[in-house]
Amino acid sequence: MGQVAIGTVQHVEQAVNAAHQAFLSWRKSALEERLDVLSRIAKLLEDESQSLAETLSRENGVLLSTSLGEMNMAIHAVHATIKNAESFFNPKQAEDETSWVSVEKRPIGVIAGIVPWNAPMVLTIQKNRTGNRNRQHTRHEAFAECSDGRKYNYEKKSQPCSLPASSMLFTETGTSALP
Amino acid sequence: MKDAAESLKGVHFELGGNDPAIVLDDADLDNIIPKIMVSAFRRSGQVCFATKRIYIPEKMYDSFYTKMCDLVDQYKIGHGLDPSATFAPLNNKVQYDFVKALVERIKQSSAKIVELGEKLEPDNWDNGYYLHPAIVRDVEPSQEIVTCEQFGPIMPLISYRSEEEVIRWANMTEYGLGSSVWTADFERGLKIAREIEAGMTFINGSGQSHLGYEQMPFGGVKQSGIGRENSELGLHEFIEYHAINYHKTS
């Protein structure tokens, strides 16, 4: 059906370091620049929707119509982010005769996300778009299947977001129905 | 979470659910059953906020069961890329084995389980993690199939007698992700919705509408998680605030 490389702790460290390097310049980029990147992501997802949906169905076993629906949701998530970015982006400010206050938003930096096996595309995008929209943070995503397979066991047992990279491992992605 | 504590890292969890669908006695069954089925059987039930148990008023129970069985039996079970398939297999062996064992335990209980749907390729049945969609009736409110997260296509139908009873049962779970209420009366549905311990409640629909997908914070309470995805609230999970205060000279 396909082959997936199994990553090591070192691979994760490298990925996190690369993400952090990218973050240093990304955090200084203008909103317009970020929205442009988001628009390009949306376009790429649209262009590749059919083939990505087929891959999702091969990996997950789900109906192609379900995978196409998942692609549409992912694209919609990116567009919704573009639409609402500016209002979120602006700092909240107040002023009186003696002072001025600005409450600004800063990204928290590289984030580790562990995405369940059932809907990897839309769940990844829902997190990634956040990173892009929050001006500065980049996100590193791991596609992993739990050692024991079950979703909630997996999530309870697995490492949460924002952990040191060394505690995460890539494993094989899900396998399901055979053709 | 323990690992994150040492360096004060924030965590965000979107975990499992055991979402109840509460059917009220004014609901139009022919209208709502196909919609509930979308939520119950999409991805063969492998969705965190899939409907995982259905509560039906006692007087409508048999009618609901018969109508739902008729519709579920129309599923054509086959490969995900087969255009004639309307129902696909489970994702992986561990999940498949878990759900199969759950079915066996239901068969040992006093509940009645019916396995439905048509095999598109009977000869190829063992060449994938295929399971029949199944409906479980005459189930106890505290039985495993009701209280666990099955994450598979096995749907328990529970009969209830009063709103007070169904709200109590709906909340009698360690989970609190999604939930749904089905009714012809929005005000009544809203009142029930507000009594449910959950991060999200859908009235007369399976999952978010287009607007809901943009506006609703996605996530749950109790053991279903910490924090939210989606909407503006979801973005707050990934930022810190930096407040700047300028003192004007006078």
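The model is a predicted one. Chain A has six helices and four strands. Read from the N terminus, its elements follow the order α-α-α-α-β-β-β-α-β-α. Of the 179 residues in chain A, 51% are buried. Its accessible surface is about 8400 Å², and carbon and sulfur atoms hold 55% of that area. When contacts in chain A with a separation of 6 or more are considered, 75% of them are between residues 24 or more positions apart.

Chain B is made up of 250 residues, 56% of them buried. Its secondary structure comprises nine helices and 12 strands. Along the principal axes, the C-alpha atoms of chain B occupy a box of roughly 85 × 45 × 35 Å. The accessible surface comes to about 11000 Å² for this chain, with 51% belonging to carbon and sulfur atoms. Among contacts in chain B between residues at least 6 apart in sequence, those joining residues at least 24 apart make up 67%.

Next come the spaces between the atoms. The largest pocket holds about 690 Å³ of space. Its lining counts 36 residues, and those nearest the centre are Thr66(A), Met73(A), Arg42(B), Arg43(B) and Val47(B). Two or more lining residues come from each of helix 4 (64-89) and helix 5 (120-133) of chain A, and likewise from helix 2 (29-41) and helix 8 (210-215) of chain B. Which element gives the largest share of this lining? That is helix 4 of chain A, with seven residues. By class, the 36 residues divide into 18 nonpolar, 15 polar and three charged.

Over the whole structure, a search finds six cavities of 30 Å³ or more. The second largest cavity contains about 80 Å³ of space. It is lined by 14 residues, with Ser39(B), Phe49(B), Thr51(B), Ser180(B) and Phe202(B) nearest its centre. Strand 2 (19-23) and strand 9 (180-182) of chain B each contribute at least two residues to this lining. The class count for the second largest cavity is four nonpolar, eight polar and two charged residues.

Gln46(B) sits in the loop between helix 2 and strand 3 (51-57) of chain B. Is Gln46(B) buried or exposed? Its relative accessibility is 2%, so Gln46(B) counts as buried, the cut-off for buried being under 20%. Apart from neighbours within four places in sequence, Gln46(B) has contacts with residues of chain A, namely Trp117(A) and Asn118(A), and with residues of chain B, namely Pro89(B), Leu90(B), Asn91(B), Gln95(B) and Phe151(B).

Leu233(B) belongs to helix 9 (residues 231-236) of chain B. Because its relative accessibility is 48%, Leu233(B) counts as partly exposed; the exposed class begins over 50%. Between Leu233(B) and Val38(B) there are 195 positions in sequence and 27 Å in space, taken from C-alpha to C-alpha.

The aromatic rings come last. A pair of aromatic rings is described by the distance of the centres and the angle of the planes. Nine aromatic pairs are found over all chains. One of them joins Phe49(B) and Phe218(B) edge-to-face, at 4.9 Å centre to centre and 90° between the planes. Phe49(B) is in the loop between helix 2 and strand 3 of chain B, while Phe218(B) is in the loop between helix 8 and strand 11 (225-226) of chain B, so this pair ties together parts 169 residues apart in sequence. Phe49(B) and Phe218(B) are both buried. Phe49(B) is also among the residues nearest the centre of the second largest cavity.

In the pair of Tyr55(B) and Trp169(B), the ring centres are 6.4 Å apart and the planes are at 35°, so this pair is tilted. Tyr55(B) belongs to strand 3 of chain B and Trp169(B) to helix 6 (residues 163-171) of chain B, so the parts tied together here are 114 residues apart in sequence. Tyr55(B) and Trp169(B) are each buried. Finally, ring pairs join Phe41(B), Tyr75(B) and Phe87(B) in a cluster.

Definitions and conventions. Residues numbered from 1 in each chain as written. Chains lettered and ligands numbered in written order. Predicted model: local features only at pLDDT ≥ 70, side-chain atom pairs only at ≥ 80, totals over all residues. Heavy atoms only, no water. 1 Å grid on protein atoms, 1.4 Å probe; cavity = no way out; pocket = protein on both sides within 12 Å on 5 of 7 lines; lining within 4 Å. Points joined across faces, edges and corners; volume = space filled by probe spheres on them. Nonpolar A, V, L, I, M, F, W, Y, C, P; charged D, E, K, R; others polar. Buried < 20%, exposed > 50% of the residue type's maximum accessible area, 1.4 Å probe, protein only. Contact = heavy atoms within 4.5 Å. Areas by Shrake-Rupley, 256 points an atom, 1.4 Å probe, with all protein chains shown as cover. Phe/Tyr/Trp six-rings, centres within 6.5 Å; stacked < 30°, edge-to-face > 60°.
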